[in-house]
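Here is a friendly walk through one model, written to be read with the sequence and the 3D view side by side. Please keep both open as you go.

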Amino acid sequence: MADRIDSLCMTWRHDYGLHKADDDDSISSGMTTAERESLRRKMTQIHAHHIAPLEERIRELERDKADWLKANAPGGWIDDLRRASQPGSGGALAKALAMYDSMRDGIGGCTDGGCVIKRPTGMRTNGGCKCATDKYKAQRMMYAGQKLADAARASLDGPREG
Ligand SMILES: [Zn+2]
């Protein structure tokens, strides 16, 4: 602080550092102790009223900038929020998966343990799944699979043709 004030004084009076005796009334360079103290008081006021508030404002802006950069950095919370709120977010994928499950339940598998649509949870048979030969069931399952794949792709990279 003292250095800053001295620097301001030096800018105003290049002979600020040059001492002049109180009884020296010549036109030679230099300042008396009283002149020097007077100048220091003025420069201290200018610093306090005009420079210090600007410096504080600069520090505030630098803190804001650091916060902003942290929030917006890849993986930062704004990035997470932005991704989560996009149509192709994890939420959309969960919805697509629920839709796929309900479509699959609607189409319905068979009782075979190796059913290509949905393996039964209760009693199973071993005769072999014939669901793939049912053109109607197979078409609807493939369509459901495509929709699920679209949602999965979108959840990774955002909406895209697929
Ligand atoms: Zn089946």
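Buried residues make up 6% of the 162 residues in this chain. Here a residue is buried if 20 or more other C-beta atoms lie within 10 Å of its own, exposed if 12 or fewer, and partly exposed in between, with C-beta atoms placed from the backbone.

The model is a predicted one, in which local features need pLDDT of at least 70, side-chain atom pairs count only at pLDDT 80 or more, and totals for chains, interfaces and linings use all residues. Residues are numbered from 1 along each chain as its sequence is written.

How confident is the prediction? The pLDDT (the predictor's confidence in each residue, from 0 to 100) averages 84 over the chain, and 87% of the residues score at least 70. Confidence is highest in α2, at 92, and lowest in helix α3 (residues 77-85), at a mean of 63.

**Overall build**

The chain has five helices and zero strands, and from the N terminus on its elements run α-α-α-α-α. Helices (H or I, at least four residues) and strands (E, at least two) are DSSP runs, numbered from the N terminus. Among contacts in the chain with a separation of 6 or more, 41% are between residues 24 or more positions apart. Two residues are in contact if their C-beta atoms, placed from the backbone, lie within 7 Å.

**How α1 meets α2**

Two packed helices are described by the angle between their axes and the distance between the axes. Helix α1 (residues 2-12) packs with helix α2 (residues 33-72) at an angle of about 115 degrees, and their axes are 9 Å apart. That makes α1 roughly perpendicular to α2. Axes are lines fitted to C-alpha atoms, for helices over the stretch in contact, and angles run from 0 to 180 degrees between N-to-C directions. Angles under 35 degrees count as roughly parallel, over 145 as roughly antiparallel, 65 to 115 as roughly perpendicular and the rest as oblique.

On the α1 side, the contact is made by Arg4, Ile5, Leu8, Cys9 and Trp12, and on the α2 side by Leu39, Arg40, Met43, Thr44, Ile46 and His47. By class, this contact has seven nonpolar, two polar and two charged residues. Ala, Val, Leu, Ile, Met, Phe, Trp, Tyr, Cys and Pro count as nonpolar, Asp, Glu, Lys and Arg as charged, and the others, Gly among them, as polar.

**Around Met31, Thr32 and Arg36**

Met31 lies in the loop between α1 and α2, and Thr32 is found in that loop too. Arg36 has its place in helix α2. Met31 counts as partly exposed because it has 18 C-beta neighbours inside 10 Å. Thr32 is partly exposed, with 15 other C-beta atoms within 10 Å, and Arg36 counts as partly exposed with 19 C-beta neighbours inside 10 Å.

Some C-alpha to C-alpha distances can be checked in the viewer:

| Pair | Apart in sequence | C-alpha to C-alpha |
|---|---|---|
| Met31 and Leu18 | 13 residues | 6.2 Å |
| Thr32 and Ala21 | eleven residues | 5.7 Å |
| Arg36 and Asp15 | 21 residues | 9.9 Å |

Which residues does Met31 touch, not counting residues up to four places away in sequence? They are Arg13, Asp15, Tyr16, Leu18, Lys20 and Arg36. Counted in that way, Thr32 touches Lys20 and Asp22, while Arg36 touches Tyr16 and Met31.
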